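Morning, everyone. Please have the sequence and the structure open while I talk.

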Amino acid sequence: MTGRVVALVANPTRAVYAALLATLAIGWALVAFDGGTFTLNDLVGIQQRSAALGIVAVGQTLAILAGSLDLSVAYLISLVSLVAAETMAGQSSNILTAVVVALGVSALVGLVNGVVITKLKVHAFIATLGVALVIRGVLDHLYDGPAGRVPVDFQQLGYSRIGPVPVAAILWAAVAVGVWFLLRRTRFGNRVYAVGGDVEVARLSGVRTDRVVIAAHVLCSLCAGVAGLLLASRLGAGAPTVGTDGGYDLESIAAVVLGGTALAGGRGGVAGTVGGVLLLAVLDSVFNQLEVNSFFKDVVRGVVIVVAVAVYARRTGRRAS
Amino acid sequence: MEDINQKPAESAQVILRMTGIGKSFLGIRVLRGIDLSATAGEVHAVVGENGAGKSTLMKILAGVHQPDEGTVEIGGTTRAFAHPVEAQRAGVAIIYQEFNLLPERSVADNVFLGREPTRRGLLDRAAMDAATSRLLDELDEHSFGPRDLVKDLSVAQQQVVEIVKALSVDARIVVMDEPTAALAEHEVDLLYRLIRRLQARGIAVLYISHRLREVFDLADRVTVLKDGAHVATVAAGDVTVAELVKMMVGRELDAYFPPRAAEPAAGEVRLTLAQAGNAKLDGIDLELRAGEIVGVAGLQGSGRSSLAKAIFGAEPFTRGEMTPVRPASVREGVAAGIGLVTEDRKAEGLALNQPVRDNALLVARAIGHRSRAAVSDLLRRVQLSPPREETEVKYLSGGNQQKVVLAKWLTVAPRVLLFDEPTRGVDVGAKAAIHDLMRELADSGTAILVISSELPELIGMSDRIVVLRDGRVAGHLPAGATEEAVMALAAADEAAA
């Protein structure tokens, strides 16, 4: 029995899905005991709520695997929501332009992050924190509150469903599958792991490591941009605090690490991250159903993240010795 | 020297020709006028003491360093590599002691890193696996496959991965830097077989090693370097072990060393080891007495540093006796009056961003030692010049940094002081000051153990010498033993005996 548990935990991706199933089962039982029910609708609701965080976390996975990280995603999300909503200005005919502009802004921010980290040799923590502060300054200067207007057509992205499945969830799945494919099946993906695993080994093998890190950051920011578009469609407008209110910066990093990706890079993947995001969302859902106060909720989330990483660390520690 | 197939070097195709290579770092000449050539299918050993210039020469070949003088010709074309990748593309593969592998990735991923084959834009894993399998088959290696993760492989298997990597880039010259340092005895035989296969493919193998037995087992020719200069290139069959050792070490003892104690080993016993061992050491018997300096000699990987760390409590002994106490941790070691001047002072000996004063008080504060000798007195005693207490240690020269490390230990007046490479990277003046201080400490009753790769220093300083080999005591030598005697015990073996 213990052997099986150990084998299960030995692979973080499997471990996080096992924890997810266990949480679902326990949550179901607790909610039932409490006199409520946990329905398919609740599960769909979980998808709906996790989609934005999920998309950001998938991008964050790329940055972290490459041995970097991105603290600027939350402010970028706010910025993108405003850029998109203002460009659309309530007109359906502007949707395409707005999406292109929003994603262009995202890519540019990612490029800046990547270039500052690789060419100016600033640690990713400080580089992306600096970029985050710059974006905050711009937002604070230009906006006091929500601005722009998103046409009803674009709001379909946030609210409509295909059958029982929310469009937002499909978007998340598409992004996750896309990045998974990139990591598993392309040269670029292989090199992301190599650079995150050991920059020097990658460099001596002829990998242009700077380009890999920059590309990872551009993709990470693009994911944040997609999340910004999704949130704008939900709100019907852009908002300067939508990213920071959601805590997308630290929470996306937490989800990635919970999913078994090493914070130092080079090990992990998208599948774990998706599991990590879902686990956090299911915990949220169960607590909501049980009407637990939000203070206790945060305590549990914090404990779960720390315990998970401690378990993974034990495993790697044993391997190394 | 059993079955060496002496190959006539003239008839074979010359793949590598390095001519008149010279190199200086920061104005210090580390290589001058070195010639080295290699022919297809030849194993050419490069030998010399630590600091002879072997590694620098190989790094020039690998494109890590650029030579100040001389030329590198590969396959008849003169090449100047600006980057290791250029050397790799020209057919030079280097297998360093520290492998260049990604532990979290598969064997095939590692072999093809930077050159991944693609099919319609996508990674062609099938082709990577197939090519890796084929090379593994050719090397008769069936204990692991292309999809295994490198971290799950043994050191010997990882070495095979490095060799497969070299074969996959069609390397014509393979450099192996101390390839047996981390291998167990039976794995060495497997490595020999691999090297024979490389030879059979017409690859020139440059074999860097201290271990003369391996040199005689494998090499067709041997090039001896000493102090950055070319001593000789000889056919392995034309030279004896004794002659080779003489070429490697034969030099005048020109350095000044402080005089030894009049009556060596007269003091009380400070520390005794009986059959002590741990993961890296086995069956160590040793006695340290007040007032004597005991030198520890041995090749890299022989367990020299492990011995110091075990006595100190950093990597404790798990077997055997150590009296008066066998420390299980560094705190216990320090409490028992044992100090360790570590090999890597920047990483392990000093807090570089802190001023001299705080560094000097590091140990005293850590163990809550009350009698704080005035730091200024200590700094005068270790001859720190200028004795400024507020300077951050990172701004000091190597010699001055080492003096601060010494001051750190003097605050607690250790009964036993262990020195691991005390003068590495230290200029001549500071070296003499450190030597004087070591002798002064011994004379005032401290038992001293010193590890040094520099044989003249070890011989000049020690009252007696313990030679380690493969984690065991290979023998004891009295004061003033010759370098040849030390090398013979350290380097080997039946061949040298």
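Why is helix 18 (residues 483-491) of chain B largely enclosed by the rest of the structure? Because seven of its nine residues are buried. Buried means that 20 or more other C-beta atoms, placed from the backbone, lie within 10 Å of the residue's own. The buried ones are B:Glu483, B:Val486, B:Met487, B:Ala488, B:Leu489, B:Ala490 and B:Ala491. Helices (H or I, at least four residues) and strands (E, at least two) are DSSP runs, numbered from the N terminus.

A quick word on the source. This is a predicted model: local features need pLDDT of at least 70, side-chain atom pairs count only at pLDDT 80 or more, and totals for chains, interfaces and linings use all residues. Residues are numbered from 1 along each chain as its sequence is written, and chains are lettered from A and ligands numbered from 1 in the order in which they are written.

What do the buried residues of helix 18 of chain B pack against? Among the partners are helix 7 (212-218), helix 8 and strand 15 (293-297) of chain B. Contact means C-beta atoms, placed from the backbone, within 7 Å.

Now the domains of chain B. The domain assignment gives domain 1 (14-249) and domain 2 (269-491). Such bounds come from an automatic or database assignment. The domain centres, taken over C-alpha atoms, are 34 Å apart. Across the boundary, 11 residues of domain 1 are in contact with 10 residues of domain 2. On the domain 1 side, helix 8 (residues 241-249) of chain B gives the largest share, three residues.

Next, a sheet in chain B. Three strands form an open sheet, order 14-13-16, with antiparallel pairing. Pairing takes at least two DSSP bridges between two strands. Strand 14 (284-289) and strand 16 (319-323) are the edges, each pairing on one side only. Strand 13 (residues 269-277) and strand 16 share four bridges. Look for B:Ala274: it stands opposite B:Glu321 in strand 16.

Last, chain A. Two packed helices are described by the angle between their axes and the distance between the axes. For helix 4 (residues 73-88) and helix 6 (residues 124-142) of chain A, the axes come within 8 Å and cross at roughly 35°. Axes are lines fitted to C-alpha atoms, for helices over the stretch in contact, with angles from 0 to 180 degrees between N-to-C directions. Helix 4 of chain A brings A:Tyr75, A:Leu76, A:Ser78 and A:Leu79 to the contact. Helix 6 of chain A brings A:Ala132, A:Ile135, A:Arg136 and A:Leu139.

Terms used. Two residues are in contact if their C-beta atoms, placed from the backbone, lie within 7 Å. A residue is buried if 20 or more other C-beta atoms lie within 10 Å of its own, exposed if 12 or fewer, and partly exposed in between; C-beta atoms are placed from the backbone.
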